Amino acid sequence: MEKIPTLSYIRPFVSTRNACKLCSPLGACIAIKGIEGCVPVIHGSQGCATYIRRYMISHYKEPVDIASSNFSEETTIFGGEANLKTALTNVTNQYQPMAIGVATTCLSETIGEDVASQLSHIRNDSTSSNLPSLFTVSTPSYQGTHMDGFHATVLAVVKNYAKKLPSADKINFFPGFVSPSDIRHIKEIVADFDLTTTILPDYSDTLDNPVWDQYYRVPKGGTPISELEKMGEAYASVELGVFTAVKQGGQNGGTEVSGASWLESEHSVKNHQCLLPIGMSNSDSLFDILSKISGKDIPVKYQMQRGRLLDSYADGHKYIFGKKAVVYGEEDLVLALCSFLDEIGVEVVLAASGANSGKLQKEIIRHCPEHGKTIKVISDSDFEQINEACNTIKPDFLIGNSKGNYIAGNFNIPLIRVGFPIHDRIGGQRITLLGYQGTQELFDKVVNAMIEYKQNNSPIGYKYM
């Protein structure tokens, strides 16, 4: 029998099975929900809006309205401006919003819709005189993840609203894609430094509502447009995360810009950037920045939180030292979690993200002095890749969103749920990760997960620590 020749070329794996990312306009809608009185409109098919609502409602456990320009076959051929005008008119009449944010989709981008120009035509139409403030952001999913959509929206909002004004005694704070609970904690921290602050985006109330005495079509809360207009007068910005910039000026050139860096270059607002403050070291960086720009010492309240966290590190060290973890999610979250785990003696054996900035490995090496060089990093990752890798690396636990639950089940190991989406547990919107307080909560979860695992798998019983 003739021997079949061995192929010398194996096609690279393409992440198409269960990607470790979500769509770009989904991230845009979350950011839009952080602006007071603002309603998101998806310029594309109805299915895109339904998909986004499904994910947001399952995580935040709140009603989420997202409108659509409802592309059809005819719209795809002849263009969607008429549909967009109808959508804007309907949203205006039904919701009476203060603003509408229009996010594009793969379909509208593929046929070359110039939405900024369309909005200009619609504004100039005499029948559209009652429309609220309008802005648009380009968010085709074939060009990025939900994080690209989130950061592109923040940048679009700043560029659309920020005005050149004389410097005032205030700062801007860009928290990045964190939980409503984390945003509330940030508000508490900056208030304790006596700082007047504009937070963008602020969905701490709009996506985590109290019980209402009546139904509000547009939930209360969010960053007021009047504050957005004053962002150019701040004397400083604080930006959490190092993967916040989006490409401007085309895919083959141009520069990478974030909302905070644009304010620095266009309005001379000094930007202070640091990692998400998860872990002792990263939280120290944030508090040092706030102390510097406020001219005040770190409040005793947070010094005490730091001391308690350090004490708990000593208490829990023996239960987690040398354990192996798999971390996955958004790049900024993965980087901060790896840094935290490296700090407490946990060996991260795999760090995975659906994004592909090309910078994650370098940043992990930089911020994880103990194990950074040995951490396997997968960008543009797929959950099946993570699942297959676990066969070899045998982790003790996973840390990431709910979509990795089946992997934890396959290997009978704990999953520490953080990030987005958390759709198989309640309270995803109330998870606090930032600062000494959030790190304390996370540290306790990690240690207790290891203790519980040992308890449940001990052949001789395990009652006392």
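Reader: Hey, I'm new to this one. Which residues do ring pairs link into a cluster?
Author: In this predicted model, ring pairs join Y60, F150, F177 and F420 into a cluster.

Reader: OK, and how many aromatic pairs does the structure hold?
Author: There are twelve aromatic pairs in the structure. One of them is F135 with Y161, where the ring centres are 6.0 Å apart and the planes sit at 80 degrees, so the pair is edge-to-face.

Reader: Where do F135 and Y161 lie?
Author: F135 is in strand 4 (residues 133-137) and Y161 is in helix 7 (residues 146-161), so the pair ties together parts 26 residues apart in sequence.

Reader: Is F135 buried or exposed?
Author: F135 is buried, at 2% relative accessible area. Y161 is buried too, at 6%.

Reader: What about F287 and Y302, how are those rings arranged?
Author: They form a tilted pair, 5.1 Å centre to centre with 45 degrees between the planes. F287 belongs to helix 11 (residues 280-294) and Y302 to helix 12 (residues 300-320), and the two are 15 residues apart. F287 is buried at 1%, and Y302 is buried at 0%.

Reader: Switching topic: which ring does the charged end of R54 sit over?
Author: That's Y55, with the charged end of R54 4.6 Å from the ring centre. Elsewhere, R217 lies over the face of Y95, 5.5 Å from the ring centre.

Reader: Last one: where does S204 lie?
Author: S204 is in the loop between strand 6 (197-199) and helix 9 (225-229). Its relative accessibility is 1%, so S204 counts as buried.

Reader: And what does S204 touch, beyond residues up to four places away in sequence?
Author: P180, I183, R184 and K187. With K187, the side chains also make a polar contact of 3.2 Å.

Definitions and conventions:
Residues numbered from 1 in each chain as written. Predicted model: local features only at pLDDT ≥ 70, side-chain atom pairs only at ≥ 80, totals over all residues. Heavy atoms only, no water. Helix = DSSP H or I, 4+ residues; strand = E, 2+ residues; numbered from the N terminus. Buried < 20%, exposed > 50% of the residue type's maximum accessible area, 1.4 Å probe, protein only. Polar contact = N/O pair within 3.5 Å; in protein donor to acceptor, adjacent residues only side chain to side chain. Contact = heavy atoms within 4.5 Å. Phe/Tyr/Trp six-rings, centres within 6.5 Å; stacked < 30°, edge-to-face > 60°. Lys NZ or Arg CZ within 6 Å of the ring centre and 35° of its normal.
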